[in-house]
Amino acid sequence: DHARHLPTHRVHYSANFDAEYTRRISIITELKLALSKDSPELSLVYQPKLDLTTNTVSHAEALMRWNSEKLGFVGPDEFILIAEQAGLIGAVTEWVIKRAINDTKNLLQSDVDVCVAINLSAKDILNKTLLSDIKSQIVQAGLTASQLAFEITESDLVSDAEGVYSELALYRDAGFALAIDDFGTGYSSLSYLKSLPVNELKIDKSFVLNLDKNQSDQQIVKTIIDLAHNFDLKVIAEGVETQGSLALLQKWGCNYAQGYLLSRPVPVESFIQWYKDNINTDWFSL
Ligand code: C2E
Ligand code: MG
Ligand code: MG
Ligand code: MG
């Protein structure tokens, strides 16, 4: 019986492995090419963050999009991870920073005064030249540090094995706000919060998507909001899709909300239009 099962299993496994391997290689090759020629396949989209105390939009997150001619739409959850593993994240981030700074300049020229948050991976933070690159680019663009912020995924921050914390402190000292992204999914102990030089916790969307229906998500989110405030940190919820969830977050004193209820992430021109269309929207009485 064993003898009959094994070969079948191996053939099946290796066919899957080949397909996955081929896709990885194509992603690496095509992404490298797209970055090197600043291809229109690559873009940034922007999603607003609502300030729940003032009912205004003063922040937005920049998210990368890749619509590959060869591979079709590839999501950032897939290609960012592969870029990190393949040593390509430096080039990705360089592209993102350049584009985001240019877009931020355009936003300000269109009277859209928002702080733009960029996602960084721990590998970026450990790259010692990135911070000085960013500083010189914002000076060149006529911007200040308060107009950019950075988000780093929690799972990248749970240990300081490689010295990320001291590098992060340099970003904070330079005036950039820092958030721990996907908070609640990556930690094993809360003690790391004591030594982390950040300004904000960003509650992972897995706790927020069903907030208005799910009792245990409600307990978790309330707890994270209090935890953040006890550490003198701001707190934002991502994945806010319903009016009910927004109302709960506001009731519990959450500082900001981000999600499809307000807007999906959209290209910068659409973001400018959305911002102007919604300057007087009262998000709590729709
Ligand atoms: P993230 O930084 O946690 O971004 C939030 C993700 O949640 C985004 O997915 C966003 O589109 C999605 N989202 C926002 N509101 C809602 C909502 O109400 N409902 C639902 N279902 N989803 C919502 P996206 O754009 O696919 O990005 C996935 C992840 O890829 C990001 O998670 C981030 O970790 C990474 N990523 C995206 N752009 C970049 C980038 O430029 N650089 C780096 N290093 N990572 C990036
Ligand atoms: Mg983020
Ligand atoms: Mg993330
Ligand atoms: Mg997230």
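The model is predicted, with local features needing pLDDT of at least 70 and side-chain atom pairs pLDDT 80 or more, while totals for chains, interfaces and linings use all residues. Residues are numbered from 1 along each chain as its sequence is written, chains are lettered from A and ligands numbered from 1 in the order written, and side-chain values use heavy atoms, without hydrogens and water.

User: How many helices and strands does the protein chain have?
Analyst: Helices (H or I, at least four residues) and strands (E, at least two) are DSSP runs, numbered from the N terminus. By that count the protein chain has ten helices and ten strands.

User: What radius of gyration does the protein chain have?
Analyst: The radius is taken over C-alpha atoms, and the globule rule is 2.2 Å times the number of residues to the power 0.38. For 286 residues a compact globule would come near 19 Å, and the value for the protein chain agrees with this: 21 Å.

User: What share of the residues of the protein chain counts as buried?
Analyst: Buried means under 20% relative accessible area, exposed over 50%, and partly exposed in between (1.4 Å probe, protein chains only). Of the 286 residues, the buried share is 47%.

User: Which residues coordinate the magnesium ion (ligand 2)?
Analyst: Donors are N, O and S atoms within 2.8 Å of the metal (3.2 Å for Na, K and Ca); water is not among the atoms, so sites may look incomplete. The donors of this ion follow the spacing E-x57-N-x31-E-x29-D along the chain. At 2.0 to 2.3 Å they are E61 (OE), N119 (OD1), E151 (OE) and D181 (OD).

User: Is E61 buried or exposed?
Analyst: E61 lies in strand β2 (residues 56–68) and N119 in strand β4 (residues 115–120), so the pair ties together parts 58 residues apart in sequence. N119 has 30% relative accessibility and therefore counts as partly exposed. At 4% relative accessibility, E61 counts as buried.

User: Which residues supply the protein donors of the magnesium ion (ligand 4)?
Analyst: This ion is 5.1 Å from the magnesium ion (ligand 2). Its protein donors lie 1.8 to 2.7 Å from it and are D182 (OD), E238 (OE) and E238 (OE). The two residues are 56 apart, in strands β6 (residues 177–183) and β8 (residues 234–238).

User: Which residues of helix α2 are buried?
Analyst: Helix α2 covers residues 76–85. Just after it, G87 takes a positive phi of about 75 degrees. The buried residues of the helix are F79, I82, A83 and E84.
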